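I opened my notebook to look at one protein model today. Here is what I looked up, entry by entry.

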Amino acid sequence: LEGDIATAATPQEEREFNTLDEPVLTTIVRDLKAIGVKFAHVLYPKQKNTILRDWDLWGPLILCVFLAMMLQQPEDEKIHSGAPQFAQIFVLVWLGAGVVTLNCRLLGGTISFFQSVCVLGYCLLAPCAALVICRLILLAGNQTVALFILRFFVTMLGFGWAVFASTAFLADSQPTSKKALAVYPICLFYFVISWLILARSP
């Protein structure tokens, strides 16, 4: 679920960096640190090559599971609710990321499939943060127009940051004349997720 696409490692480097003999805890800590670094790059997308070079799918998987768990309705409300359930949200996120990535590739993008999915997945951090804030607002009690406007503002802020961060990483990989065609599906992908967050009822 991870890799370095920038350069191929030499046999000597592979012998020096062998994780088969290291403790499991060391591996987990190293992977968690790598995930944390990528989250930081999403929040402050300055070093664009880092998240593309050292791609992984652990962060997107964590965010996708978190998103699906938070958006699904409680067990006793599933029968009378039209809200999407865990599997539907899980498939929506991964299928949507795959379609957006395929579009980028067909437009002549220079990054790999998994690099693009990695970026799109990590950029779900902002919508997930917006989801947490919206859930806290829903716990405030009776939902007024003011609280809905607040939820809308928070959700749109998460949507805007996700689009900004993802395009900061992916836009440079697209031909100049086709950047708009690549950005539109990205906006649509995060808009659908943001709409699900905003439409989530208490």
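**Entry 1: the nonpolar patch**

I found that helix H9 (residues 179–199) gives the largest share of the nonpolar patch, five residues. A note before I go on: this is a predicted model, where local features need pLDDT of at least 70 and side-chain atom pairs count only at pLDDT 80 or more, while totals for chains, interfaces and linings use all residues. Residues are numbered from 1 along each chain as its sequence is written, and side-chain values use heavy atoms, leaving out hydrogens and water.

Helices here are DSSP runs of H or I with at least four residues, numbered from the N terminus.

**Entry 2: two residues**

Is Phe191 buried or partly exposed? I looked up Phe191 in helix H9, and it counts as partly exposed because its relative accessibility is 41%. (Buried is under 20% relative accessible area, exposed over 50%, partly exposed in between, with a 1.4 Å probe and protein chains only.)

Next I went to Thr155 in helix H8 (residues 145–170). Thr155 counts as buried, because its relative accessibility is 1%. Leaving aside neighbours within four places in sequence, I saw Thr155 in contact (heavy atoms within 4.5 Å) with Ala130, Cys134, Ser194, Ile197 and Leu198.

**Entry 3: helix H5**

I noted the buried residues of H5, among them Ile89, Val93, Gly96 and Val100. What covers the buried residues of H5 includes helix H4 (58–71), helix H6 (113–122) and H9. After H5 comes Gly108, with a positive phi near 100°.

Methods: Helix = DSSP H or I, 4+ residues; strand = E, 2+ residues; numbered from the N terminus.
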